[in-house]
Amino acid sequence: MKKINVKGRIIGILIVAFVTTNAFLIFLDEGEQVDRKSYINEWSKTITYDLFKKMDTKAVFTSEETEPVYFNEDVGSFNEFLVEEGDTVSEGDDLYTYDVLNYYQEEARLEGEVSRLEEEIDAIEDFIDEIESYRVPDPPDTNDDNSSPFNNNSDNSGTSDAPPPSYIETEYMKEEKMAEQEAELAKQEAMLEMVEDQLDQLQDEGDRITVTSAFSGTVSEVSEDLESPLLTLESTNLVLEGTIPEQERKEIEEEMVVEIHVPELEYETTGTLTSVDDYPEEVELHRSSRYPFKVSLENPSEELLAGYHADLKITTDESLGVVTAVEKALETDENLYAWVMNAEGILERRDIETGIEEQGLVEILSGLEDGEWLAVEPKDEFRNEAIFLTPLHTDDLRVRQMFKMERQSILTYGLLGILSR
């Protein structure tokens, strides 16, 4: 007959009773009077970092500018095209010829066009002089000067609750307006040269005129049936055009930085959001509206062609040099919080406020400082003001290296240790 181990059974029952009693007491410990320890095996440290909020979208390359060329059948009879689709033309290159119907009428028309263009050029030059002579007030100067040539505010009442634009903003507006007027001046001067050339041909030859180009670009369309426009020229400078849905329209604005990737060429560069329309392409009751935008490139690759598609990342917001934490170290019930190792070396639940999120990193607006340790896993071990245990990572120890030392060095350091005591 097998002998029963009464002593072992009693010990086993006592152990089970001890564990069960402690577990029951912990369960009833609503005031957390029992000292508990948390076993934390994964930590993360807050760092100072630069975060950017980006919006993904797509766009297509197209010509920066399109110039239609017209022919007025009332002034003559069309003769022939001197260019074909795909040809590249420069200012002054021949485009087409026509025969004049009425010499004196055409001469008067061209002379009138020359006078009109000369007046427009004079007006633009005067405006450029006015812009150049305008002195931007120094930053401390808050005088409300509505006489600025680039002030588009039509309210000249002299009273406004809005503060005057800053020095930098006004300087930028001045440079922008200068560039705009200089481009318009160059365009009008090219038109004047073209009309004067036609007038010279008329007065020299009397019946046939060759129309030259006032625009540099590529011939994208030729109207063989002489429908208007007769020719369409597109500039060789490329820009990106796309649309953004109405849900995201309020998040973007001009001058935002854009990251550009062209899959066709495995080409990456950056650009600037130069325009965002306030009106959608079309309006439909049961369909989300889309708003056109344009992106300019500073130094586009020569391999780029109109029609190539690109993936864009528009930087809509940024926070530079901010305290940052990994997203998985943050918890939320009603409010966001994190479990922090405080100065006493115990866990502390701390409420926080966050900002920008980027690729698993979160901006900390308040609640955490740089260099603080946050508990990550396991989450069921997180307890407020609990002492914690964390695993020992033997890989970080250098015990094995001690035994790789030379025997003489081991004896020397060992004796020094003994003597120092």
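A: Strand β12, residues 257-262, is joined by 4 bridges to β15, and the two run antiparallel. Within this pairing, Val-258 has Ile-314 in β15 as its bridge partner. The model is predicted, so local features are described only at pLDDT of at least 70 and side-chain atom pairs only at pLDDT 80 or more, whereas totals for chains, interfaces and linings use all residues. Residues are numbered from 1 along each chain as its sequence is written, and side-chain values use heavy atoms, with hydrogens and water left out.

Strands here are DSSP runs of E with at least two residues, helices are runs of H or I with at least four residues, and both are numbered from the N terminus; two strands pair if DSSP finds at least two bridges between them. By that rule β15, which spans residues 309-326, is also joined to strand β3 (residues 47-63), by 13 bridges in an antiparallel arrangement.

Thr-46 counts as buried because its relative accessibility is 1%, where buried means under 20% relative accessible area, exposed means over 50% and partly exposed lies in between, for a 1.4 Å probe and protein chains only. The side chain of Thr-46 reaches the backbone oxygen of Glu-369 at 2.7 Å and the backbone nitrogen of Gly-371 at 2.9 Å. Contact means heavy atoms within 4.5 Å, and, leaving aside neighbours within four places in sequence, Thr-46 is in contact with Val-323, Thr-324 and Ala-325, as well as with Leu-368, Glu-369, Asp-370, Gly-371, Glu-372 and Leu-374.

Another threonine, Thr-243, lies in strand β11, residues 238-245, and counts as buried because its relative accessibility is 17%. Its side chain is joined to that of Arg-290 by a polar contact of 2.8 Å; a polar contact is a pair of N or O atoms within 3.5 Å, of which, within protein, one must be able to donate a hydrogen and the other to accept it, and residues adjacent in sequence count only if both atoms are side-chain atoms. With neighbours within four places in sequence left aside, the contacts of Thr-243 are Thr-57, Glu-281, Arg-290, Tyr-291, Pro-292 and Phe-293.

Elsewhere in the chain, an open sheet of 4 strands has the order β4-β10-β9-β6, with antiparallel pairing. Its edge strands are β4 (66-69) and β6 (88-89), each of which pairs on one side only. Strand β6 is joined by 2 bridges to the antiparallel strand β9, residues 217-222, and Val-89 stands opposite Gly-217 in β9.

Turning to the aromatic rings, those of Phe, Tyr and Trp (its six-membered ring) pair if their centres lie within 6.5 Å, and planes under 30 degrees apart count as stacked, over 60 as edge-to-face and the rest as tilted; this rule gives 6 aromatic pairs. The rings of Phe-71 and Tyr-96 have centres 5.9 Å apart and planes at 80 degrees, so this pair is edge-to-face. The pair links distant parts of the chain, with Phe-71 in the loop between β4 and β5 (76-81) and Tyr-96 in strand β7 (residues 94-100), 25 residues apart. Phe-71 also forms a tilted pair with Tyr-98, at 5.5 Å centre to centre and 55 degrees between the planes. Phe-71 is buried at 13% relative accessibility, and Tyr-98 is buried with a relative accessible area of 2%. Ring pairs link Phe-71, Phe-78, Phe-81, Tyr-96 and Tyr-98 into a cluster.

For the chain as a whole, there are 6 helices and 22 strands, and buried residues make up 31% of the 421 residues. Among contacts with a separation of 6 or more, 71% are between residues 24 or more positions apart.
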